[in-house]
Amino acid sequence: MTPLSVATLTGERCFEELFDLTDEHDVGHIRLARDADLVVVAPATADLLAKMANGLANDLASTALLATTAPVLAAPAMNPTMWAAPATRRNVERLTADGVAFVGPGEGLMAERGESGLGRMSEPLEIVAAVEAALGAAAASGLLAGRRVLVTSGPTHEPIDPVRVLANRSSGRQGHAIAAAAARAGAQVTLVSGPVAIADPKGVSVVKVESAREMLAAVEAALSDGPPVDLGVFAAAVADWRVEGAAQKIKKGAGGPPALALVENPDILASVAKGPLRPKLLVGFAAETENVIEHAKAKLARKGCDVIVANDVSPESGVMGGVRNAVHLVTSAGVESWEPMDKEAVAEALAARFADMLETRS
Ligand code: CTP
């Protein structure tokens, strides 16, 4: 198999080299190891199992395997004599004790002419079934298993006329990462997203909206549809105002630039906080460019939510539209400031913290 066939068939990049300068810069072997929900080793050769069992890390595969915190599933494939060899037996026993799961090997004809026995890699469909079982087990034992979570994310676009909008710089990265982290932690997640240029997170049901009023309607629909929502995380950068829109495209005219009349948008977070379908734990975000903590404390009281995740979005911080975030968790109990982290890591840590808070509330 060539890297090109793997990339073409999966529609993903194929990584080969440890410390390839371009890949290391873009992705990095540590990130490659951490981003996965599950690492599948197929085929798991006798050599790779030996490396894994002994913690060797001298190529990309073994390094990613040593660096990963995700569950690992191995599908061994080797000659029956090698599978039965005492060294392989020891390695498999050690790996099992380390928590590595195995699928197969099966019995059957080997690549070597005329040989058959135990060592044949499981069929792809068996491996897929094992992957589904492993992911299902991870979700079922996750910190948010059995919880319903509603997340808003991204900006809103408020039409000025049929072709123009008022928008903001939110990328949706933080909100989407929270939805993904909650899903990985076993929650049933609905994500209401404004217009973003990033992919839908895996395992999440996504409702796409444009304006603040559409976002409010989608949030209300999600709250009233199905079992009660346990956790609401409102990370969207909702436009505070909309334009008294024009039905037709505004034309340049002799009268000079048009005056835009702004009207206030509904406050989604505040109205959900007051409403009958308020989630047990309600989290708002505060995007501030100065006096971050002070404004966040005021916002906590004004919005009526349980937590404000405050971040500095001043242009110097690089947060808005960027990949890293430094947040402060503001609750009635006080303020907790976290070190700057990738938005994915922030999401993971927030999901775990919200799970704890829910636990103490129910
Ligand atoms: N929010 C909302 N609906 C709005 C405005 C904000 O649900 N119309 C939510 C955001 O999703 C976020 C929180 O309220 O969770 C705070 O958003 P932010 O824009 O920081 O606060 P504002 O209320 O708009 O206050 P200000 O613009 O004065 O800072």
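Which residue in β17 is the bridge partner of isoleucine 308? The answer is valine 330.

1. **Overall picture.** This is a predicted model. The protein has 362 residues, and 41% of them are buried. It holds 13 helices and 19 strands. Along the principal axes, its C-alpha atoms fill a box of roughly 85 × 55 × 40 Å. The accessible surface is about 19400 Å². Carbon and sulfur atoms account for 56% of that surface.

2. **Contacts along the chain.** Take the contacts with a separation of 6 or more: 64% of them link residues 24 or more positions apart. Alanine 137 sits in helix α8, residues 124-140. With a relative accessibility of 46%, alanine 137 is classed as partly exposed, because that class covers values between 20% and 50%.

3. **The largest nonpolar core.** This core has 33 residues. Val189, Val309, Leu350 and Phe354 touch the most other members. Several elements supply at least two residues each, among them the strands β6 (148-153), β9 (188-193), β15 (307-312) and β17 (327-331). The largest share comes from α13, with eight residues. A second, separate core has 25 residues, including Val209, Leu216, Ala273 and Val292.

4. **Valine 189 in detail.** What does valine 189 touch, leaving aside neighbours within four places in sequence? Its contacts are Val149, Val151, Ala179, Ala182, Ala183, Val204 and Ser205.

5. **Glutamine 174.** This residue belongs to helix α9. Is glutamine 174 buried or exposed? It is buried, because its relative accessible area is 8% and the cut-off for buried is under 20%. Beyond residues up to four places away in sequence, glutamine 174 touches Phe285, Asn325, Lys343, Val346 and Ala347.

6. **Strand β17 and its partners.** β17 pairs with β15 in the antiparallel sense, through four bridges. The opening pair, isoleucine 308 and valine 330, is a bridge to β17. β17 also pairs with β18, residues 334-337. That pairing is antiparallel too, again over four bridges. Histidine 328 has serine 337 of β18 as its bridge partner. The two strands β17 and β18 make a hairpin, with two residues between them.

7. **Why β17 counts as enclosed.** Five of the five residues of β17 are buried, so the rest of the structure largely encloses this strand. In a regular strand, side chains alternate between the two faces of the sheet. In β17 both faces are covered. Val327, Leu329 and Thr331 lie on one side, and His328 and Val330 on the other. All of these residues are buried.

8. **Helix α5.** How many of the eight residues of helix α5 (residues 60-67) are buried? Six are, so the helix is largely enclosed by the rest of the structure. The buried residues are Leu60, Ser62, Thr63, Ala64, Leu65 and Ala67.

9. **A three-strand sheet.** An open sheet runs in the order β1-β2-β3, and its pairing is parallel. β1 (39-44) and β3 (101-102) are the edge strands, since each pairs on one side only. Strand β2, residues 72-76, is joined to β3 by two bridges. Alanine 74 has phenylalanine 102 of β3 as its bridge partner.

10. Which residues make the nonpolar surface patch of about 310 Å²? They are Trp241, Leu260 and Leu262. Leucine 260 is in the loop between β12 (241-243) and β13 (262-264). Its relative accessibility is 39%, so leucine 260 counts as partly exposed.

Terms used: Residues are numbered from 1 along each chain as its sequence is written. This is a predicted model: local features need pLDDT of at least 70, side-chain atom pairs count only at pLDDT 80 or more; totals for chains, interfaces and linings use all residues. Side-chain values use heavy atoms; hydrogens and water are left out. A nonpolar core is a set of buried Ala, Val, Leu, Ile, Met, Phe, Trp, Tyr and Cys residues joined through side-chain atoms within 4.5 Å. Buried means under 20% relative accessible area, exposed over 50%, partly exposed in between (1.4 Å probe, protein chains only). Contact means heavy atoms within 4.5 Å. Patches are made of residues with over 30% relative accessible area and no salt bridge: like charges are joined within 9 Å, nonpolar side chains (Val, Leu, Ile, Met, Phe, Trp, Tyr) within 5 Å. Accessible areas come from the Shrake-Rupley method with a 1.4 Å probe; for residues, only the protein chains shown count as cover. A salt bridge is a side-chain nitrogen of Lys or Arg within 4 Å of a carboxyl oxygen of Asp or Glu. Two strands pair if DSSP finds at least two bridges between them.
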